[in-house]
Amino acid sequence: MANPSNSHAFSQTRPTKVGVLGAGQLGRMMALAGLPLGLEFSLYDTSGAPSAGLGQIFSDPENTQQELDRFLDSVDVVTYEFEHLPLDLARNIASRKPLYPGVEALRVCQNRELEKGLFRQLNIPTPEYRIVSSAEELEKAAAELGTPVVAKSITEGYDGKGQAVLKSPSEAKAAWESIRHPRLIVESFVNFSREVSLIAARNTQGEFVAYPLVENIHHEGILRYTIAPAPLVSEQTQNTASDYIHTLMDHLDYVGVLALELFETPEGLLANEMAPRVHNSGHWSMDGAHTGQFENHLRAILGLPLGDTAPHRVSGMINLISRSVDPSQILKLRDTHLHLYGKDERKGRKVGHINVNAESYDELKDKIERCLPFVPEHAPFTWNPELDT
Ligand code: AMP
């Protein structure tokens, strides 16, 4: 005989209420991916300008304990859309509700010294680097490594901020003063053939899946275009990258989606940094893969089976930075999908992206080029698949 209390018990234990720290476009796209799975979303915003436009928003610009409590009471599991979350807050939340990815992943990803140290510890190659705490040490490190070098603050930097390139050790004092941070990582400047990234998901049971390596094209420190899969990647390179991220995830007992950014060089891959969250270089997967990164992140944190990461065909992603587009122009182009985030236009702000699917890289290049006249202030697109490494 059916036991109603049992079915009640099941629905009680199956987590369906997802809390997201942050209410921007990543939280919004998570909610869009989770609604068909019957999930409910609460989004916690301290910016005073939540833009997700979906789910129950807990707006708390004053950062009060009371509103945080209300948010936590409304959810089964908590995740986040940005990694600059204060660690004390993350620990506090993790003591009350499952927080994925966990505090240790957050701690490592917030600090370039710990992050590069972990890469080294796990035998994941990185650019050569030194840690310095003064202008004099910076000058010495630049001389030892050989210029050019890139100096980066170990914390709080993103999208190329808090960084300086030194062409000679004599530029150390000026670089130190421009970065204004007590501790820097100084890296050899890598003459990479291209920048690539790998996105993978690991669920609460340790199941692991990885997407294909993708190629990323930046302009003025911001991601502009992603090509997926990156052309001409050997099976060996894909497996190597996949092994790196798998090792990192197992080591951190990581749950959720992780993005690993790498430089491709003739000598192999070098790890640059990782982000403990869904990532802009994975947005192509929303329309270009069997399971998108947002859905796989949710599956991972809810302990559900992970979805197929295989690409349908080849894909390109165009970020809309500062300015939006006229949908009627973009949507008349075949195999083109528009994602607008409902945000006000502002210089440097990510307001949406376009995903384009094609049968071949030549066709993809052509389709992306057809979009660009309708994308205001787009970055130069000089990608040529035949010239790829
Ligand atoms: P990051 O904040 O570490 O992701 O750096 C921002 C961008 O600066 C990267 O996407 C690269 O284009 C460039 N960059 C960072 N580190 C290096 C390096 N060691 N060598 C050459 N370019 C770098």
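**A friendly note on salt bridges and the ligand site**

1. Arg277 and Glu83 join their side chains in a salt bridge, 2.6 Å from N to O (the term covers a side-chain nitrogen of Lys or Arg within 4 Å of a carboxyl oxygen of Asp or Glu). Arg277 sits in the loop between β14 and α10 (285–288) and Glu83 in the loop between β4 (77–80) and α4 (87–94), so this pair ties together parts 194 residues apart in sequence. Helices (H or I, at least four residues) and strands (E, at least two) are DSSP runs, numbered from the N terminus. Arg277 and Glu83 are both buried (buried is under 20% relative accessible area, exposed over 50%, partly exposed in between, with a 1.4 Å probe and protein chains only).

2. Please keep in mind that this is a predicted model, where local features need pLDDT of at least 70, side-chain atom pairs count only at pLDDT 80 or more, and totals for chains, interfaces and linings use all residues. Residues are numbered from 1 along each chain as its sequence is written, and side-chain values use heavy atoms, with hydrogens and water left out.

3. Glu187 and Lys116 form another salt bridge, at 2.7 Å from N to O. Glu187 belongs to strand β8 and Lys116 to helix α6 (residues 112–121), 71 residues apart. Glu187 is buried at 2% relative accessibility, and Lys116 is buried at 0%.

4. Now to the ligand. A side-chain N or O atom of Gln163 is 2.8 Å from a ligand oxygen. A backbone N or O atom of Ser188 lies 3.0 Å from a ligand nitrogen, and one of Val190 lies 2.8 Å from a ligand nitrogen.

How values were computed. A polar contact is a pair of N or O atoms within 3.5 Å; within protein, one must be able to donate a hydrogen and the other to accept it, and residues adjacent in sequence count only if both atoms are side-chain atoms.
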